[in-house]
Every structure is written in structure tokens, then in C-alpha cells.
Amino acid sequence: MARDLRGFIKLLEERGQLRRISALVDPDMEIAEISNRMLQRGGPGLLFENVKGADYPVAVNLMGTVERICWAMNMQHPLELEELGKKLSMLQQPKPPKKISQAVEFGKLLFDVLKAKPGRDFFPACHQVVIQGDDLDLNRLPLIRPYSGDAGKIITLGLVITKDCETGTPNVGVYRLQLQSRNTMTVHWLSVRGGARHLRKAAEQGKKLEVAIALGVDPLIIMAAATPIPVDLSEWLFAGLYGGSGVQLAKCKTVDLEVPADSEFVLEGTITPGEVLSDGPFGDHMGYYGGVEDSPLIRFQCMTHRKDPMYMTTFSGRPPKEEAMMAIALNRIYTPILRQQVSEIVDFFLPMEALSYKAAIISIDKAYPGQARRAALAFWSALPQFTYTKFVIVVDKDINIRDPRQVVWAISSKVDPVRDVFILPNTPFDTLDFASEKIGLGGRMGIDATTKIPPETEHEWGEPLESDPDVAAMVERRWAEYGLADLQLGEVDPKLFGYDMK
């Protein structure tokens with residue numbers, strides 16, 4: 001399987017999931033508009049070979065479907081992602097094995113960790129061309145501007161690499177960067193992120209923070225960097241666990257940091273604590289333009305790249321977008337970890353249309369009254385990334401939480417708003433969410449859409465309608481005899497049921 005960007009593009013092309021576009025395109029809004037139309041329809045990845053004002057091709061929408069995310073993770077089906085989640089849950093809270101089989105399983109996991117350790121490449125492809133000093137001009141990169149109201153050109157899929165000045169522990173994150181000049185960019189990160197913590201520590205010691213930006217890497221490494229789970233492992237080790245073997249790293253030319261050896265581009269620079277510039281506005285994942293913030297300024301002194309490099313990018317916005325596809329895959333990885341934290345949870349789903357984190361649907365194996373409310377409260381505190389989930393809907397385990405028709409039926413037939421809806425006021429809120437009266441502070445809602453049992457209700461619950469199993473089996477056997485063999489009863493066009501799906 002692919003272990004760099006070029007290998008992944010080759011894989012997509014072989015599987016009919018890549019289109020090369022030779023027509024001249026503008027990185028200012030045109031690339032995003034073309035890509036957005038593909039994303040809306042689950043279309044293929046795109047490689048723009050003739051970009052206005054640039055010498056390099058631009059790859060976009062490579063991770064625009066869950067199927068392609070799975071391929072990037074060396075898998076074929078989303079359910080396989082849950083197996084990876086089981087490994088991570090064992091690492092997060094290892095338990096002494098009680099059986100020989102459990103000991104063997106844990107031994108295999110430790111062996112996987114050993115295999116996942118990163119290696120060192122002393123002659124990396126990313127150093128084939130080195131540009132320093134006055135020759136460095138970031139305008140040569142085909143940076144895109146997705147929307148007309150955006151403040152400027154941006155980097156969106158760069159690995160932003162920093163290091164703790166006390167412990168030497170690296171952090172790899174995916175943050176938005178705005179072009180400010182030929183050799184400077186601002187970086188937009190939340191104060192709780194690793195890079196921001198490293199900058200605060202550097203400021204306390206009166207030091208500059210070294211930064212490296214790796215562009216055009218194996219999408220698997222991007223997935224590892226985007227996995228915010230509380231395991232004390234580096235993102236490089238994550239990527240090795242994801243891929244089954246260690247990532248090959250290379251030392252940077254001018255800063256004491258390591259980057260993936262097969263990166264297409266690497267930018268090297270420093271942040272002087274306190275040096276900031278205005279960043280934004282930009283279109284964000286909520287579907288609106290965000291605000292303007294003073295953000296740390298990175299001054300770059302070196303750029304290296306492969307021969308004939310290619311540039312990989314994406315952009316945020318109302319789903320579906322590539323970030324939403326990544327979130328769907330991460331949802332599967334979280335599932336075993338969440339089950340370990342909240343034992344009654346059978347499954348959970350973060351719908352893309354709810355921005356992949358604003359609403360959660362949880363199914364439970366209900367055994368006692370009040371359990372749905374307990375599960376909702378436990379969900380909000382189980383993992384840090386669920387802090388900003390506004391709505392939690394709890395259903396019975398026989399409801400397919402990934403079928404909105406079943407979920408809406410459960411809410412409509414099993415919920416008494418007075419009894420089953422509860423609201424928590426004045427809780428921490430996403431600052432990008434304009435729905436709250438006060439930015440950063442808002443409410444949460446839990447909805448118990450499970451079947452009620454005493455004392456939750458004083459009357460017997462109705463018996464659900466189901467086909468007689470003997471009759472259903474007979475009809476299955478006689479289907480062709482009815483002359484209906486040519487009718488396929490699989491996926492149905494939602495428009496037949498009154499939906500307007502565009």
C-alpha cells in the first residue's frame with residue numbers, strides 16, 4: 001500500500017478514483033468551486049496539472065469519500081477502523097490479562113508498537129531541492145483561496161511540527177496557515193493544542209519556537225495527526241500503528257525538528273513569542289466566515305522539496321468536505337474507546353450534517369430506568385473532543401443509528417418532551433458557534449428516545465410491529481415464483497419518500 005502521497009495518488013488512479021485536469025485553473029476560488037461540486041456528489045480525487053501562476057500541480061479531494069479514507073488507512077471497510085480503535089483503547093487503559101488468549105493479544109499489540117517506531121532516512125527525498133534566504137518565496141506555492149470573503153491564501157493540510165523545549169517531545173498538528181508575505185505566515189491554533197502549549201513554554205524561557213511544515217505527505221499520517229485521543233504516544237507512533245510499520249523521518253536543514261522523509265515540501269521557520277498579525281476571516285467548518293484573530297507569526301528561512309513536487313490541499317465549509325469524511329472514519333476509531341469509557345454504549349454516530357461533532361446519536365442496551373440520561377451525561381465527559389457536542393440522542397440497541405429514518409421514528413414515537421428532554425445551561429461552547437447568546441458559553445440538550453420502563457412510565461409500552469418470521473421466510477423462498485426476481489429491494493431513492501436530496 002501507499003506510504004507517500006505519490007503512492008496514494010497512483011493507487012486512486014488504478015482504482016478509477018482520480019481525475020487529471022489539464023485545463024488552466026485559478027487557485028483563487030476556482031479550484032475550490034470545482035472540488036466542492038465533486039465533494040457534493042462523492043466524486044473522485046482531482047489532480048490539477050496546470051495551475052495559474054504556479055509551477056506545481058495541485059491535488060485536492062483525495063480523501064473526499066469514506067472509502068478513500070479507508071484505503072489511506074490500508075483498509076477496505078469502515079468496520080476495520082474499529083479494530084484499530086480496539087488497539088488504541090488497550091494502549092489507553094491496559095488491563096492485566098486474565099486469560100492466555102488475552103495475554104497473546106496484548107503481546108501482539110506490544111509487537112505492533114515496536115514495529116510502529118519511526119525510522120531515520122539520511123538521504124530523504126524531501127531534501128532533493130533546498131531553497132534558503134532571499135531565494136525563498138512562498139508565493140511560488142499554489143496556495144488556494146477557497147471563498148470570496150477569505151482574507152488571503154491558505155495552507156490547510158500541512159503537518160505543523162513543533163517541540164516541547166523542556167522535554168523534547170514533538171507535537172504534530174493540522175492547523176490553518178495564512179500567507180502574510182513572501183516568507184511569513186500566521187498559524188491559527190486553539191490555546192489547548194500542542195503547538196500553542198509549546199509556544200507558551202518557549203515564551204517562559206525567552207526562546208523562539210522552531211516550526212516545520214510538512215506538505216504533501218501520506219494521507220495516513222494526516223489521519224494520525226488529526227486523531228485527538230488521550231494516549232501518551234507521539235503522532236509518529238500513531239501513524240506507524242495505523243500503517244503497520246514505522247514512518248521514515250528526516251532531520252530538517254535549519255531547525256532541530258523531524259519531518260516525514262517523503263514529504264513533497266517542507267517549510268522551516270521560527271515563531272518569536274508575542275509577534276502576531278491579524279489572521280482571517282476564513283470560511284470554516286460551521287458553514288460561515290469566522291472572525292479575525294491575532295495569531296502567531298512564523299518567519300520562514302528555508303524551503304525544501306522533492307524533484308517535480310506536487311501540492312496537496314483541501315478547504316473547510318459546510319459538509320460534505322474532506323474534513324467531514326475524516327471525522328466519519330475517526331468516529332469508527334473512537335467507538336471502542338468510548339465503549340471502554342461508558343460500558344452501556346453499544347454504538348454511537350456523529351452525523352456529518354451535524355458538523356461531525358455537534359450532535360451524537362448513541363444506542364444503549366437498556367437495563368434500568370434513567371440509564372439513557374446517565375449515558376448522555378457520561379458521553380459528554382468521556383473524551384475531550386465531545387466537550388462541544390450540543391445534542392445527544394439516546395436510542396435502543398435495535399435502532400440503526402446510521403439510518404436517519406429510524407432515529408426520527410424513535411424520537412417521534414418514544415419521546416415525551418416534558419419527561420425525556422433535559423437541558424444543561426451555561427456549559428463550555430465552541431467559539432465558532434454563533435448559535436449561543438454568549439460566545440464560548442451555551443447549553444446542551446439530551447433526548448431519551450429509548451423505550452420507557454417503570455417507573456419512567458406508569459403504563460405498558462406498545463408491542464412493536466414485526467413481520468411473522470415464518471411468513472417472511474416463505475415469501476423470501478417464493479420471491480421468484482411471484483415474478484418479482486428482477487426487482488432489487490436494496491437502496492431506495494430517498495426522493496420516493498418525499499425527501500429532496502441534492
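I began with the lining of the second largest pocket: its residues divide into 24 nonpolar, five polar and eight charged. For these classes I counted Ala, Val, Leu, Ile, Met, Phe, Trp, Tyr, Cys and Pro as nonpolar, Asp, Glu, Lys and Arg as charged, and the others, Gly among them, as polar.

Ground rules next. The model is predicted, so I took local features only at pLDDT of at least 70 and side-chain atom pairs only at pLDDT 80 or more, while totals for chains, interfaces and linings use all residues. Residues are numbered from 1 along each chain as its sequence is written, and side-chain values use heavy atoms, with hydrogens and water left out.

**Pocket**

I looked up the volume. The second largest pocket holds about 1,500 Å³ of space. A total of 37 residues line this pocket, and the closest to its centre are Met-352, Glu-353, Arg-402, Pro-404 and Met-501. A pocket here is an open set of points on a 1 Å grid over the protein atoms alone, where a 1.4 Å probe fits, with protein on both sides within 12 Å along at least five of seven lines; lining residues have an atom within 4 Å of a point. Grid points are joined across faces, edges and corners, and the volume is the space filled by probe spheres set on the points.

Which element gives the most to this lining? I found H11, with five residues. Helix H2 (30–40), helix H9 (322–341), strand E18 (359–364) and helix H11 (404–414) each supply at least two residues. Helices (H or I, at least four residues) and strands (E, at least two) are DSSP runs, numbered from the N terminus.

**Sheets**

I traced a five-stranded open sheet in the order E17-E18-E19-E21-E20, with mixed pairing. Neighbouring strands are turned by 20° against each other on average, direction ignored. Axes for that angle are lines fitted to C-alpha atoms, and angles run from 0 to 180 degrees between N-to-C directions. Two strands pair if DSSP finds at least two bridges between them.

E19 (residues 391–396) and E21 (residues 441–449) run parallel over five bridges. Val-392 stands opposite Gly-446 in E21.

A three-stranded open sheet, also mixed, has the order E4-E12-E13. E4 (119–120) and E13 (258–260) are its edges, each with a single partner strand, so one side of each lacks a neighbour in the sheet. E12 (residues 248–251) pairs with E13 in the antiparallel sense over three bridges. Ala-250 has Val-259 in E13 as its bridge partner.

I also noted a hairpin. E7 (residues 159–163) and E8 (residues 170–174) are antiparallel over five bridges, with six residues between them. Thr-162 stands opposite Asn-171 in E8. In the turn, Gly-168 has a positive phi of about 80°.

**Salt bridges**

How many salt bridges are there? I count 33 by the rule used: a side-chain nitrogen of Lys or Arg within 4 Å of a carboxyl oxygen of Asp or Glu. I picked out Arg-306 with Glu-264, whose closest N and O atoms are 3.7 Å apart. The pair links distant parts of the chain, 42 residues apart. Arg-306 is in the loop between E15 (293–305) and E16 (311–312), and Glu-264 in the loop between E13 and E14 (265–279).

I found a cis peptide bond between Gly-280 and Pro-281, omega about 5°. Pro-281 is in the loop between E14 and E15. A cis bond also joins Pro-319 and Pro-320, omega about 0°. Pro-320 is in the loop between E16 and H9. Asn-61 is not a glycine, yet has a positive phi of about 65°. Asn-61 lies in the loop between E3 (58–60) and H3 (66–72).

**UniProt record**

For "domain: 3-octaprenyl-4-hydroxybenzoate carboxy-lyase-like N-terminal", the unreviewed UniProt entry lists residues 9–88. That span is 42% helix and 14% strand, with its end C-alpha atoms 28 Å apart. Residues 325–449 are 35% helix and 27% strand, and the end C-alpha atoms lie 27 Å apart. Such annotations may be inferred rather than shown by experiment.
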